[in-house]
Amino acid sequence: MESRNPAKAVKDVVESAAEKVTEALTPQVPGAPGSAPPSLAEPTTPHDPLPPKPEQGTPQTRTPTGAKTGTPAKAKGQQGAFLTTAQGARLRDTDHSLKAGPRGPVLLQDHHLREKITHFDHERIPERVVHARGAGAHGIFTAYGTAENVTRAGFLRKGRETEVFVRFSTVLGSRGSADTVRDTRGFATKFYTDEGTFDLVANNMPVFFIQDAIKFPDIIHAAKPHPDREIPQAQSAHDTFWDFVSLHTEAQHHTMWNMSDRGIPRSYRTMEGFGVHTFRLVNAAGETALVKFHWKPKLGVHSLVWEEAQLLNGIDPDFHRRDLYDAIEAGAFPEWELGIQVFPDTPEETFAGIDLLDPTKIVPEELAPVQPIGKLVLNRTPTNFFAETEQVAFHVGHLPPGIDVTNDPLLQGRLFSYVDTQLTRLAGPNFPQIPINRPHAAVNDMLRDGFHQQAIHAGVAPYRPNSLDGGNPFPAGVDDHPFIDVPVQVAQAPKIRQSPASFDDHFSQARLFWLSMSPVEQEHIIRAYTFELGKCYHQAIKERQLQCLANIDPVLCAQVATGLGLPAPKPTIPLAEVEPSPALSQVGRQWPVDGRTVGIVVTDDSDLDTIHHVRRAVFAADMVPLLIAGHGGMIGDLPVQRTFATGRSVEFDALLLAAAPPPAPDALPARDAKAGAANSATIDPRVLLLVEEVWRHAKAIGAWGTGVTVLDQAGATGSPGVVTGDSGDDVFDSLRQLMTQHRVWERFPASLS
Ligand code: HEM
């Protein structure tokens with residue numbers, strides 16, 4: 001029967017989807033949930049599963065012990081046209097339990113009912129104790145060969161390509177928390193090298209709150225929600241956080257980064273990444289060097305402003321996740337360069353007087369430039385979020401030959417912590433065999449059995465030495481590229497719970513960071529401290545943190561104190577003499593605009609040719625145009641992505657006004673509070689609000705035709721970063737230029753100079 005031919009049926013579905021895609025003359029806005037548009041009526045013709053979306057990738061098909069299987073990725077997903085049990089028996093009905101008659105009771109023998117509910121009951125696993133909220137993507141790392149003199153790691157040889165999986169995350173929030181909270185971001189990369197997996201488990205800030213891993217539970221307990229009411233979620237603006245960091249002052253440098261714009265990134269694609277710790281590299285001759293790893297985003301470092309971040313938490317809590325996946329789907333592949341700062345491996349383990357084992361310190365790039373060693377491109381989204389992003393397990397101890405750890409006491413504690421937590425989170429010791437975690441190198445580890453063992457190990461002698469398995473596995477010889485622990489000299493010293501004296505400097509680099517910021521960035525820092533401390537209940541905690549700020553910089557302290565209504569204390573230590581590091585500022589340069597969003601306000605009367613033209617120009621600039629109109633559906637032959645009711649300024653990086661829309665039928669205060677008192681307005685008040693917000697957040701705005709009157713009514717005409725012109729093309733061109741600076745910085749009035 002033709003209707004039973006799965007191959008034919010799936011072909012029809014896919015071909016009809018393809019036809020619909022080619023029907024549209026311009027590229028599609030990313031974000032469609034499936035790989036084919038749905039039909040209005042429920043599909044009833046059986047067919048094979050639809051293919052994944054073109055931008056989706058999966059972990060390579062490897063055996064649990066690292067060998068290539070050659071199995072197509074498709075074979076890992078669901079199979080066949082028909083609903084089955086977990087054992088593959090075809091089922092006729094999944095809508096009704098098996099009952100003794102239509103009115104019941106339900107029968108215990110209903111295996112399908114019990115299997116379905118039992119599996120569902122166990123679908124959740126514990127979320128990560130930190131970094132629970134995250135989003136991952138697949139990509140490729142290509143080495144430049146520039147690190148060959150300092151490391152023998154094979155994947156860093158010139159031209160070598162290595163598959164990677166990256167997971168970005170926030171630290172504090174639960175798995176369902178919002179993306180744009182003020183927090184540090186995780187930037188963990190798994191390089192599937194053929195010499196064993198390398199995990200670079202990094203953050204978007206180069207320093208950490210604590211110098212010794214034994215304090216990790218303390219900082220996390222202080223920063224997570226209060227244990228009695230379990231509030232606030234995913235933020236540091238509360239008493240226990242500031243109680244801890246104001247007492248444990250080594251946290252002050254990291255806290256300063258969190259209060260800066262780095263704490264609210266615009267996108268994962270616009271974040272730097274830092275390995276934080278100093279690592280030790282070993283080259284082919286056995287020579288060692290100390291290094292710090294850096295990720296540099298192609299799009300530059302770019303952040304939200306605080307009001308945008310707060311609005312986004314409600315309007316689009318998935319903002320960063322959506323941005324990452326939409327960018328990949330749109331072909332604007334996120335890119336970073338991996339770089340290293342290289343220091344001589346001296347017995348003191350210091351550089352320019354900076355202790356390289358202290359994770360609360362940076363080495364300014366002006367003193368040790370970041371040397372690029374390779375490029376990362378993220379080009380595939382996950383096919384299944386749980387299987388890939390939730391189950392991925394990183395570990396700072398996953399190192400290939402040529403990369404080794406140092407004695408940084410924070411790093412040493414991390415070496416213990418990750419596998420320990422994953423044993424519980426991923427239910428047993430065999431999580432390295434989960435597809436996303438499988439190495440791309442041959443595994444022969446003598447580890448056996450345990451929950452969920454996937455490998456079928458042969459032989460009888462998983463021990464060494466043995467003769468029964470012919471002596472296999474054998475220790476690798478020096479020429480077989482083994483991992484060799486660097487025989488670092490350990491200094492003669494008493495066994496003691498103490499840090500080196502150099503770790504006692506807690507304020508100088510917080511001051512260095514503050515003094516390296518432009519006036520507008522300093523304003524944001526003042527605002528962030530004032531906001532966060534203003535949310536604290538206890539005055540003693542605010543006063544204590546003000547004392548820390550006084551020891552960093554009196555101007556910063558005085559400004560925050562004013563906002564809190566408290567006197568500014570005097571410093572209790574001499575202020576450090578520091579040289580600012582301009583590389584720390586994110587203002588003043590120009591960057592590519594790939595993957596940014598441009599909102600275009602249109603009406604049914606807009607000149608469709610112009611809109612088509614501008615929309616194509618936005619796509620051609622590797623950006624995403626989103627049409628905003630008074631109603632959903634279509635404007636001419638173009639789909640509307642946002643209405644005045646559903647859209648909000650924070651979703652757009654820039655705004656184009658092609659029309660001056662009169663109030664739409666739903667511009668009623670009772671229907672949409674944003675509409676205000678719309679009755680007497682000539683322009684829909686939500687469009688004016690859009691312009692006001694975009695203007696306030698220093699984004700570029702362009703208008704032509706009647707769109708110019710919107711600018712006049714919003715009072716935006718003539719201000720910096722607002723462009724008008726006769727043709728949509730010219731206006732978009734100027735807008736694109738403005739966007740390369742990320743924001744129209746001149747629009748922020750800075751009170752500091
Ligand atoms: C420089 C300091 C640190 C950095 C850069 C860092 C970074 C990260 C990142 C990026 C993740 C998320 C991994 C993922 O996406 O799955 C993570 C998770 C985690 N980190 Fe850290 N971390 C640091 C310090 C520590 C310390 C000191 C400890 C404990 C002693 C620790 C314990 C953990 C744990 C338990 C997880 C959850 C892992 C899992 O469930 O898979 N981290 N960390």
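1. Terms and basis. Helices (H or I, at least four residues) and strands (E, at least two) are DSSP runs, numbered from the N terminus. The loop between α9 and α10 holds His-481, for example. This is a predicted model: local features need pLDDT of at least 70, side-chain atom pairs count only at pLDDT 80 or more, and totals for chains, interfaces and linings use all residues. Residues are numbered from 1 along each chain as its sequence is written, and side-chain values use heavy atoms, with hydrogens and water left out.

2. Confidence. pLDDT is the predictor's confidence in each residue, from 0 to 100. The chain averages 94. At least 70 is reached by 96% of the residues. Residues 1-7 have a pLDDT below 50. That stretch has 10 contacts in the model beyond near neighbours in sequence; contact means heavy atoms within 4.5 Å. Residues 20-25 also have a pLDDT below 50, and this stretch has 1 contact beyond near neighbours in sequence. Where pLDDT is low, the predicted coordinates should not be read in detail.

3. Tyr-418 is in helix α9, residues 409-425.

4. The shell around the ligand. There are 23 residues around the ligand. Arg-128, Arg-167, Arg-414, Tyr-418 and Arg-425 come nearest. A residue is near a molecule or strand if one of its heavy atoms lies within 4 Å of it. The shell divides into 12 nonpolar, 7 polar and 4 charged residues. Here Ala, Val, Leu, Ile, Met, Phe, Trp, Tyr, Cys and Pro count as nonpolar, Asp, Glu, Lys and Arg as charged, and the others, Gly among them, as polar.

5. Polar atoms facing the ligand. A polar side-chain atom of Tyr-418 lies 2.8 Å from a ligand nitrogen. For Gln-422, a side-chain N or O atom is 3.0 Å from an oxygen atom of the ligand. For Arg-425, the corresponding distance to an oxygen atom of the ligand is 2.7 Å. The elements giving two or more residues to the shell are β4 (185-193), β5 (196-203) and α9. The largest share, 7 residues, comes from α9.

6. Thr-184. This residue sits in the loop between β3 (161-170) and β4. Thr-184 counts as buried because its relative accessibility is 1%. Buried means under 20% relative accessible area, exposed over 50%, partly exposed in between (1.4 Å probe, protein chains only). The side chain of Thr-184 makes a polar contact of 2.8 Å with that of His-254. Another, of 3.1 Å, links it to the side chain of Asn-258. A polar contact is a pair of N or O atoms within 3.5 Å; within protein, one must be able to donate a hydrogen and the other to accept it, and residues adjacent in sequence count only if both atoms are side-chain atoms. Leaving aside neighbours within four places in sequence, Thr-184 also touches other residues, including Ser-169, Asn-203 and Phe-209.

7. Helix α5. His-254 and Asn-258 are among the buried residues of α5.

8. Backbone points to check. Most residues other than glycine have a negative phi, and most peptide bonds are trans. A cis peptide bond joins Gly-104 and Pro-105, with omega about 5°. Pro-105 is in the loop between β1 (56-57) and α2 (111-121). The bond from Arg-464 to Pro-465 is cis too, with omega near -5°. Pro-465 lies in the loop between α9 and α10 (508-516). His-481 has a positive phi of about 60° although it is not a glycine. His-481 is partly exposed because its relative accessible area is 42%. Ala-698 has a positive phi of about 60°. Ala-698 is in the loop between α15 (685-696) and β20 (700-704), and counts as buried at 1% relative accessibility.

9. Gly-31. This glycine lies in the loop between α1 (6-23) and β1. Gly-31 is partly exposed, at 44% relative accessible area. Gly-31 and Asp-323 are 292 residues apart in sequence and 9.6 Å apart in space, C-alpha to C-alpha. Leaving aside neighbours within four places in sequence, Gly-31 is in contact with Lys-53, Asp-326 and Glu-329.
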